[in-house]
4 protein chains.
Amino acid sequence: MSRNQLLGDPANPIAPCHPLAGHESQIDELRATGAQFYQRGWSVGTSSNYSVVLRADPLELLVTASGKDKGQLAPTDFVRVGADGRPTQADQPKSSAETLLHVVVASVLPVGAILHTHSPWATELSQLYFAQGGIEFEGYEMLKGLEGIKTHERRFRFEIFDNTQDIPVLAEQVRQRLTDATNPLEYGYLIRGHGLYTWGRDVAEARRHVEILEFLLECQARKIQLVGPPSN
Amino acid sequence: MSRNQLLGDPANPIAPCHPLAGHESQIDELRATGAQFYQRGWSVGTSSNYSVVLRADPLELLVTASGKDKGQLAPTDFVRVGADGRPTQADQPKSSAETLLHVVVASVLPVGAILHTHSPWATELSQLYFAQGGIEFEGYEMLKGLEGIKTHERRFRFEIFDNTQDIPVLAEQVRQRLTDATNPLEYGYLIRGHGLYTWGRDVAEARRHVEILEFLLECQARKIQLVGPPSN
Amino acid sequence: MSRNQLLGDPANPIAPCHPLAGHESQIDELRATGAQFYQRGWSVGTSSNYSVVLRADPLELLVTASGKDKGQLAPTDFVRVGADGRPTQADQPKSSAETLLHVVVASVLPVGAILHTHSPWATELSQLYFAQGGIEFEGYEMLKGLEGIKTHERRFRFEIFDNTQDIPVLAEQVRQRLTDATNPLEYGYLIRGHGLYTWGRDVAEARRHVEILEFLLECQARKIQLVGPPSN
Amino acid sequence: MSRNQLLGDPANPIAPCHPLAGHESQIDELRATGAQFYQRGWSVGTSSNYSVVLRADPLELLVTASGKDKGQLAPTDFVRVGADGRPTQADQPKSSAETLLHVVVASVLPVGAILHTHSPWATELSQLYFAQGGIEFEGYEMLKGLEGIKTHERRFRFEIFDNTQDIPVLAEQVRQRLTDATNPLEYGYLIRGHGLYTWGRDVAEARRHVEILEFLLECQARKIQLVGPPSN
């Protein structure tokens, strides 16, 4: 069964006058993504949040509402927000507390979807490597799944930001790294003890990036299980 | 597919005169929870038990019957019990041997559901940390999924009780810790070599708490895999 | 969805004159068991075999045919065999090479079903503990899921036989341990580098025993991951 | 539910004039295989590729198109290619970059299907054992699932090739080892940091070989977790 066939909810369709009407297919893609990531253990306990970019100018995103079970998102568990992270429509549920982390990426990069997951390995490895500021990957064929990478010999540094409840401050830190003139952040980043953010031109590409980044973290952890913790 | 769509059993509905009639929706929530937890490996081999509070005064709970496969609970695999843990209706199956551990929580806290799971990590970590009496978690964003916690900087201590077949004695120990005036037990607890108990205002919240507590245990175990056993 | 609802194959029913006709419900239970164990990773690559006892005197079993994918057993992927392990009906597929390991249990104990699984941990732990002849479990609440055990303080020794391609010899070794007057083998056993055998009065009990024995092996392996290999 | 029942796409059938028309059943087998391997974590992030041999002389294969999500392959996500790895039909999607690794096996061995997976353990163990050129397995009952092996006492050496983006060069190295007169490569091989290739007379046998080789890698990794890294 296709993961996209999981969705739609004939018993509870989005009403024609609902603020989300017309966005059913993007909503269904995010719902399928949530069901998949929940099953993988990357989005349990109402953690994680997902968004798609509805338009670039003025910026508008569709983001998961706060506190929803990502394994069974309802068609109406989403919010439309603007460049300030606030709802653009009346009578919507509260958007995720981390909405600005979605907005900042969409305001800087030409992306179509942003995904945040919260797996056990992302949680632990972001703690273990926090003092070094990142985890470096090289020699992995899987790196080629990150859009634009053509060889396993390319090096990718998965940077780690410290966790905070002050999301505007973190969003500004991310903005600075995304727009760094000489060494901009690419593909995604980790938040210490919290999980990862990544993005893509559409939901499929962003989902692929999640799978690849989680795969790399899984490999890093398993390598440590095989040969011991990193000495540096 | 929504996990709640797993359920109902058209071939075997609860008869109108059955003691469980009228509670189909709560029963279906627990059945869906069982299917999910079984799949995760947290409720295999007929382990685990789940309950919902039907009313507070006089207290009545609906609890899983003893020895049922939690991955495929039938609509009638439940029992209504009172404040003494005994059936409130005639002709019901035997309730779980640990029924009093459900009753004691519902008699002290304003909860709607109590869930017990029995995962491999809960089993092993409750052994490993038994001498210290608990496992402390701090710095995890996932802590915020425990109702009322607002920051990852909050410390949570997951206390461990010794295992026993004398359930009334254990229930009394739990009651004392739940009602401790200065430092009451919060969110849940572990039983050594046995698993965890947690609760919430409804099944969804209790299930979220299970997912978060199992996530934290998973993280603790993986941390040990990465950096070795705790030295203290 | 109930695991037992996975089954039946309307497009390919067992014909009324087929040697398996009349045993559809037992066949469906074994097919559901196979789908479940395959998903868990305990029966991949056509490994494992399962049986039910059709009658005790003269002994007749229904056993999985040789070399079938246990994740998608067809209704006709089974064979009826007698006390000598040979087919009791004409025109049947070849039975599993290990058929005599099923027959020997059914000829000695009053069981209704015998299940063999082949998980990674059963494979590795049966190697690691082979020199000691078995793995001892005590202090696990999960032990109570083994029929007749009433407390976690009961000790269970999971014995290990050496692997061999000479099945009649192994079957005889198992028979001797099952009928040992002072210390008979209970609940199941391991074969080195190969997997486990267990049984029960029916498929549900045998399946529960598989889940419990696999859980205990999983716990033993995780304990070693946490605290290192056993020193004895 | 049979894995083969996952498939077909009534809403999007292969048109009668489509280059893939007439190959629906082989396509469905590969689509089911992809859904299964994706779920196991062996084919995430659009990694992996699969093929069936349509005819031997002149050689023609049906291969997965480049960059597709293996968890939800569409009926038209396949390409027909010839002995040079190029499309044999007009207006087809781009075939996998590793198409020649499929062609070389089919041009040398009498196989019906070739499967490439990309699991975390294949990735890490092929790095860990690269200096030794391979991983040796002996004493595993599961070895008997490799077609033609009759005893667990048989030794199997899983050879490792270095990774490269120059696929023709790697294909030639594989051809030489497959046709080595004294010690030909058998059953499959690993590519460093990349994954495994295996094959069989049909999709079912190739899939079984994937399951067995992944099982052996899983066992090797778990053994290291239990007793430490190999000393040689």
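Helix α5 of chain A holds both R222(A) and E218(A), 4 residues apart, about one turn of the helix (helices are DSSP runs of H or I, at least four residues, and strands are runs of E, at least two, numbered from the N terminus). Their side chains form a salt bridge, 2.9 Å from N to O (a side-chain nitrogen of Lys or Arg within 4 Å of a carboxyl oxygen of Asp or Glu). R222(A) counts as buried because its relative accessibility is 16%, whereas E218(A), at 22%, is partly exposed (buried is under 20% relative accessible area, exposed over 50%, partly exposed in between, with a 1.4 Å probe and protein chains only).

This is a predicted model, in which local features need pLDDT of at least 70 and side-chain atom pairs count only at pLDDT 80 or more, while totals for chains, interfaces and linings use all residues. Residues are numbered from 1 along each chain as its sequence is written, chains are lettered from A and ligands numbered from 1 in the order in which they are written, and side-chain values use heavy atoms, leaving out hydrogens and water.

In chain D, R155(D) takes part in a salt bridge with E136(D) at 3.3 Å, N to O. This pair links distant parts of the chain, 19 residues apart, with R155(D) in the loop between β5 (134-137) and β6 (156-161) and E136(D) in strand β5. R155(D) also forms a salt bridge with E138(D), with the closest N and O atoms 3.1 Å apart. Over all chains, the structure holds 68 salt bridges, yet the count between chain A and chain D is 0.
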